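The sequence and structure are shown first.

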Amino acid sequence: MDIQWDSSLTTGVDELDDQHKEIFSRINRLVNMSHPEKEKEIEKIFRFLGGYVMDHFTREEEYMIRYKYPDYDSHKGEHIQFLKNYSSLKKMFDQEGATELIITATQNQAVDWLIKHIRTTDKQMAAYLKSKM
Ligand SMILES: [Fe+2]
Ligand SMILES: [Fe+2]
């Protein structure tokens with residue numbers, strides 16, 4: 001599995017694209033690690049998802065509020081869903097440590113959710129933002 005950045009993921013809002021690329025490169029690094037390396041990296045990934053990624057969501061939400069994006073609620077709802085998934089995986093990780101199941105689930109969820117969200121939800125939002133900026 002490889003999750004290299006490609007042009008179908010570009011939203012056209014440079015600040016958000018830079019953040020998406022950073023998120024992709026971190027997840028991609030995890031995906032391509034050997035299992036013993038993943039066990040060491042997964043804690044950092046949880047910190048990254050809970051820090052950088054949450055800040056990124058906040059940034060998008062600020063833009064949506066500033067430019068009165070009509071689909072703000074449903075977009076924010078997807079961010080909240082990610083947060084819920086993240087929280088339950090993080091809780092499992094805190095209780096059980098870096099099991100193979102948790103590593104795989106975190107990886108798959110991050111990859112599937114992010115690609116789908118960026119390619120559809122973020123792109124729609126960015127098209128709107130660009131028309132208002
Ligand atoms: Fe988003
Ligand atoms: Fe995003």
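## Cavity lining and iron site

The lining of the largest cavity in this predicted model consists of six nonpolar, three polar and no charged residues; Ala, Val, Leu, Ile, Met, Phe, Trp, Tyr, Cys and Pro count as nonpolar, Asp, Glu, Lys and Arg as charged, and the others, Gly among them, as polar. The model is predicted, with local features needing pLDDT of at least 70 and side-chain atom pairs pLDDT 80 or more, while totals for chains, interfaces and linings use all residues. Residues are numbered from 1 along each chain as its sequence is written, chains are lettered from A and ligands numbered from 1 in the order written, and side-chain values use heavy atoms, leaving out hydrogens and water.

The lining residues are Phe46, Leu49, Phe82, Asn85, Tyr86, Leu89, Thr106, Gln109 and Ala110 (a cavity is a set of points on a 1 Å grid over the protein atoms alone where a 1.4 Å probe fits but cannot get out; lining residues have an atom within 4 Å of a point). H3 gives the largest share, four residues. The helices below each supply at least two residues of this lining (helices are DSSP runs of H or I, at least four residues, numbered from the N terminus).

| Helix | Residues |
|---|---|
| H2 | 35-66 |
| H3 | 72-96 |
| H4 | 100-132 |

The iron ion (ligand 1) is coordinated at 2.0 to 2.2 Å by Glu60 (OE), His75 (NE2), His79 (NE2), His117 (NE2) and Asp122 (OD) (donors are N, O and S atoms within 2.8 Å of the metal, 3.2 Å for Na, K and Ca). Glu60 lies in helix H2 and Asp122 in helix H4, so the pair ties together parts 62 residues apart in sequence. Glu60 and Asp122 are both buried (under 20% relative accessible area, 1.4 Å probe, protein chains only). Glu60 also coordinates the iron ion (ligand 2), which is 3.6 Å from the iron ion (ligand 1).

Note on methods:
On a 1 Å grid over the protein atoms alone, a cavity is a set of points where a 1.4 Å probe fits but cannot get out, and a pocket is an open set with protein on both sides within 12 Å along at least five of seven lines; lining residues have an atom within 4 Å of a point. Buried means under 20% relative accessible area, exposed over 50%, partly exposed in between (1.4 Å probe, protein chains only).
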